[in-house]
Amino acid sequence: MKPFSESELKNTFQKNFHLLEFLDACLKKNQLANAYILNGESSLEEKQDIALEINKVLNCRHNTQKPLSEMQAACNECDSCRWLINKEHPKTPLILEREETSKTIKVAAVQKLQEQLSQSSPYFRVIIIPEADFQVFSKHPANALLKSIEEPHPRTLFLLFSRSKYNVLGTIKSRCQILNIVPEHEENINEASEKTSKILEIYEKYHTHHDDFSLQIKNKLFIEEIAKFSKEELIDYFDYQINKIQVSKISISFIESLEEAKLKLNSYVNPKAVLNSIEFFR
Ligand SMILES: [Zn+2]
């Protein structure tokens with residue numbers, strides 16, 4: 001039985017089920033990252049649900065001390081699973097968060113976490129940072145945590161929640177893998193804005209008509225025309241496509257190339273050059 005993506009979970013996670021399938025593939029290859037950013041506008045609860053599934057699998061009594069590649073689905077019945085479901089597990093997850101009266105996470109909180117991590121534990125410890133955006137998890141506490149993320153204690157996993165991965169400090173982000181979470185309950189999340197609709201129309205115009213042109217020429221004409229849109233409008237269009245792809249879980253490489261294109265646009269690379277660099281449009 002697959003550890004994360006057994007069929008029962010398909011109903012619970014619907015749009016995000018492919019993330020669990022991805023984690024299955026990671027385990028199978030013994031390649032769980034040290035740290036993941038659960039990124040996206042979805043609710044804290046939705047991210048916690050995914051974190052809970054990960055924690056249950058890693059700590060289920062049936063998986064204790066097993067190599068990652070041999071882990072099974074969580075049983076939901078052993079004491080560890082039940083503790084996690086009831087939020088009363090004594091050792092995991094460890095939560096790194098700001099105090100209620102403070103806007104940011106304090107360096108002292110990071111040090112306290114590191115102290116806890118330095119003690120040995122029979123459990124696989126999952127560390128959750130519910131607000132990893134730089135407005136809350138700022139430079140000093142983030143720097144204090146870098147080494148722990150980079151060279152983690154054995155059997156620890158960091159899960160950082162962000163609303164937008166562009167709000168996570170680069171030093172942290174470069175040490176994490178990013179999992180994009182799609183909101184489960186929000187409707188119309190992928191409704192195209194007026195300008196995005198316009199770009200989609202232009203795409204249609206060249207790609208469904210003009211049968212006499214080669215794909216290369218169609219793309220060239222398409223790029224020629226949409227390069228006139230503003231940087232923000234292009235990013236909006238990319239985001240629309242990225243969300244659409246995630247919902248239908250087509251191609252990770254296309255998502256990555258669009259994310260890269262967004263970064264280039266943000267660093268003021270000429271829009272036409274950016275559009276030409278997207279393999280899909282070539
Ligand atoms: Zn269990």
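Predicted model: local features only at pLDDT ≥ 70, side-chain atom pairs only at ≥ 80, totals over all residues.
View 1. Ile127 has Phe158 as its bridge partner in E4. Strand E3 (residues 125-129) and E4 run parallel and are joined by 5 bridges. Between E3 and E4 the chain passes through helix H6 (residues 139-150), and this β-α-β crossover is right-handed.

**View 2. Pairing of strands E1 and E4.** Strand E1 (residues 35-39) is connected to E4 by 5 bridges, and the two run parallel. Within E4, Ala35 has Phe158 as its bridge partner, while the partner of Leu38 is Phe161.

**View 3. Side chains of strand E4.** Strand E4 comprises residues 156-162 and is mostly covered, with 7 of its 7 residues buried. In a regular strand, side chains alternate between the two faces of the sheet. In E4, Thr156, Phe158, Leu160 and Ser162 point one way, whereas Leu157, Leu159 and Phe161 point the other way. The residues of both sets are all buried.

**View 4. The open sheet of 5 strands.** The strand order is E2-E3-E4-E1-E5, with parallel pairing. Its edges are formed by strand E2 (94-95) and strand E5 (177-180), each of which pairs on one side only. In this order E4 stands between E3 and E1; 5 bridges join E4 to E3, and 5 bridges join E4 to E1. Strands of a sheet pair through backbone hydrogen bonds, either parallel or antiparallel.

Notes: Residues numbered from 1 in each chain as written. Buried ≥ 20, exposed ≤ 12 C-beta atoms within 10 Å, placed from the backbone. Helix = DSSP H or I, 4+ residues; strand = E, 2+ residues; numbered from the N terminus. Pairing = 2+ DSSP bridges. Right-handed = clockwise from strand over helix to strand, strands pointing away.
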